[in-house]
Amino acid sequence: GEVVEEVAAGAAMLSGVTVTGGEPTLQPRFLQALVAQLKTDARTKGLTVAVDSNGVVPEDTWGKLLPLIDGAFISIKAGSQDAYTRITGSPTALAQAESSLRTLHAANKLLEVRIVLIAGLNDSPQEIHAMAHLCARACPSVPVTLVPFSPVGVRAQYAHLTAPDQDTLLRGRAAFQEAQAASGCA
């Protein structure tokens, strides 16, 4: 439909499309139909198609999407159950995100793990260590990008959140490199 027409209009200048949101997998039928249309329309079928998700996705949704997509980017929120539940409000989000990492990695469709570090929420040395080991365990050798939180464009209730300092970011990147090396994937 309309989205495919927009993509087709610029297809000559694109190499791919990443479907993001909000959380695009919350509308699985729409997402599947969109990706299927992009992959079959003569004007867009040469483009790579990826999904950017928080990973809190039912297994059956990935089962339907994996044959259609070229890859996925997953953003994890924390490495410990307590922090994940505190950030997401869901006691099952960590398990679902780890399952998504494993599923996508096993299918060779996990392009990158992204982690937004937020001062006071998920930037402690313990939490960074837990996230590094989660990634090394679930998806060794997949690139991980640590991104400092930015308040630009966030809802008013989150405007008080801040980015971690530069030293925390550097220590976080080092922790991820160490975890990958320990898993044999450096």
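Colleague: What makes up the secondary structure of the protein chain?

Modeller: This is a predicted model. The protein chain has seven helices and five strands, and from the N terminus its elements follow the order α-β-α-β-α-β-α-α-β-α-β-α.

Colleague: Why is the protein chain called as compact as a globular protein of that length?

Modeller: The globule rule gives 16 Å for 186 residues, and the radius of gyration is 17 Å, close to that value, so the description applies. The C-alpha trace spans about 50 × 40 × 30 Å along its principal axes.

Colleague: How do you know that strand E3 and strand E4 pair?

Modeller: Pairing requires at least two bridges. Strand E3 (residues 71-76) and strand E4 (residues 110-117) have five, in the parallel sense, with Ile 76 opposite Ile 115 in E4. Strand E5 (residues 144-148) is likewise joined to E4 by five bridges and runs parallel to it; here Leu 117 stands opposite Pro 148 in E5.

Colleague: What makes the unit of E4, helix H6 and E5 right-handed?

Modeller: With the strands pointing away from the viewer, a clockwise path over the helix is called right-handed. The β-α-β unit of E4, H6 (residues 125-138) and E5 is assigned that hand.

Colleague: Which residues bring helix H1 and helix H2 into contact?

Modeller: Val 3, Val 4 and Val 7 in H1 meet Phe 30, Leu 34, Gln 37 and Leu 38 in H2. By class, six are nonpolar, one is polar and none is charged. The axes of H1 (residues 2-10) and H2 (residues 28-40) come within 10 Å and cross at roughly 35 degrees, in a right-handed crossing.

Conventions. Residues numbered from 1 in each chain as written. Predicted model: local features only at pLDDT ≥ 70, side-chain atom pairs only at ≥ 80, totals over all residues. Heavy atoms only, no water. Helix = DSSP H or I, 4+ residues; strand = E, 2+ residues; numbered from the N terminus. Axes fitted to C-alpha atoms, helices over the stretch in contact; angles between N-to-C directions. Left-handed = near helix turned anticlockwise from the far one by under 90°. Contact = heavy atoms within 4.5 Å. Nonpolar A, V, L, I, M, F, W, Y, C, P; charged D, E, K, R; others polar. Rg over C-alpha atoms; globule rule 2.2 N^0.38 Å.
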